[in-house]
Amino acid sequence: MKIIYVMLWSVLSFNALAAITITGTVTDKQGKPVSKCDVFFNKQEWINDDSTHVTCDENGNYSATIEAGEYNSMYVCDEDLYGKSKLEFWGWNLTLTESQRIDAQFDTMEVYSLATWASNGGSNSLFASFRPMSLAKAKKPQYKQVQQNGKTIAIFDISPAIADNSIVGFIDDKPLELLGYSWAYEKVSSCNGAPKNINTDNGCFMPMIIAQIKKPELSAGQHTLKIDLTDGETGDFGQGITHFTSNSKGLGF
């Protein structure tokens, strides 16, 4: 009987440890709390049956109890306004193994599919890639064709105007120095909406940014990279985060 009690206690303790709480405040681009928002945590993919959905209160605060583990993504938006006057905040490749706070800002742009990796070869930098997407540009998308690697590819472009101060990075809320950035093209799954005069035989691509950032001193363990993105012409704003884990030399992710 004692063994049974011990086993039962172990199971209950494991289940208690498996649940964590994520809290935060959601604000607009001016930093003012929003009065309505939807927060989704997507464990496997965006969106699936195992996603968790909560809403924020009138002061922009939310609280979500979720299963501890690795998460494909989280996103924050106002579902009633999405695609009409607002887009989303995104968090990508999140390690959510303990209760924590994740604040978010959303406006009319997205820092989509944010990923980061370190230069382990001596440049003392890290790289961040993401697809910048603008609601204003999405309403009037541009299609064009470019030559890449000897092939003609179709480009679906809804990216914002990027100025010198458009990309601002933070690690654990400490500002970073942007060393430079370049444009690349990410192949996407669909060519829906492309005009007939655009050759889509080799697929459709969207512009993405690869930013090089001066790497700060990093302690071993988990860190959060945040990118704030501002349209250089309109002031439209978007934000995204991703988690990464470094060793004591700041390498290995």
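Mentor: Contact means heavy atoms within 4.5 Å. The model discussed here is predicted.

Trainee: What share of the contacts in the chain with a separation of 6 or more comes from residues 24 or more positions apart?

Mentor: The secondary structure comes to 2 helices and 18 strands. Among contacts with a separation of 6 or more, residues 24 or more positions apart account for 65%.

Trainee: How many residues does the chain have, and what percentage of them count as buried?

Mentor: The C-alpha trace spans about 75 × 45 × 40 Å along its principal axes. The chain exposes about 13,300 Å², and carbon and sulfur atoms supply 50% of that area. Of the 253 residues, the part that counts as buried is 45%.

Trainee: Which strands stand at the edges of the open sheet of 8 strands?

Mentor: The sheet has mixed pairing and the order E3-E2-E5-E6-E18-E17-E13-E14. An edge strand has a single partner strand, so one side of it is left without a neighbour in the sheet. The two strands in that position are E3 (52-55) and E14 (174-175).

Trainee: Is strand E5 largely enclosed or largely open?

Mentor: Strand E5 covers residues 69-77. E5 is joined to E2 (residues 38-42) by 5 bridges in the antiparallel sense, and E5 pairs with E6 over 7 bridges, also antiparallel. Of its 9 residues, 7 are buried, so E5 is largely enclosed.

Trainee: Asp28 is buried yet has no salt bridge; how many Å away is the nearest side chain of opposite charge?

Mentor: Asp28 is found in the loop between strand E1 (19-27) and E2. Leaving aside residues up to four places away in sequence, Asp28 touches Val34, Gln105 and Phe106. A salt bridge needs a nitrogen to oxygen distance within 4 Å. For Asp28 the nearest side chain of opposite charge is Lys32, at 6.2 Å.

Trainee: How many residues apart in sequence are the parts that Asp78 and Lys36 tie together?

Mentor: The side chains of Asp78 and Lys36 meet in a salt bridge of 2.8 Å, N to O. Asp78 lies in the loop between E5 and E6 and Lys36 in the loop between E1 and E2, so the separation in sequence is 42 residues.

Trainee: Is Asp78 buried or exposed?

Mentor: The cut-off for buried is under 20% relative accessible area. Lys36, its salt-bridge partner, is partly exposed at 36%. The relative accessible area of Asp78 is 7%, which makes Asp78 buried.

Trainee: In which strands do Glu186 and Arg131 lie?

Mentor: The structure holds 7 salt bridges. Glu186 and Arg131 meet in a salt bridge of 3.2 Å, N to O. This pair links parts of the chain 55 residues apart, with Glu186 in strand E15 (residues 178-188) and Arg131 in strand E10 (residues 125-134).

Notes
Residues numbered from 1 in each chain as written. Predicted model: local features only at pLDDT ≥ 70, side-chain atom pairs only at ≥ 80, totals over all residues. Heavy atoms only, no water. Pairing = 2+ DSSP bridges. Helix = DSSP H or I, 4+ residues; strand = E, 2+ residues; numbered from the N terminus. Buried < 20%, exposed > 50% of the residue type's maximum accessible area, 1.4 Å probe, protein only. Lys, Arg positive; Asp, Glu negative; His and termini not counted. Areas by Shrake-Rupley, 256 points an atom, 1.4 Å probe, with all protein chains shown as cover.
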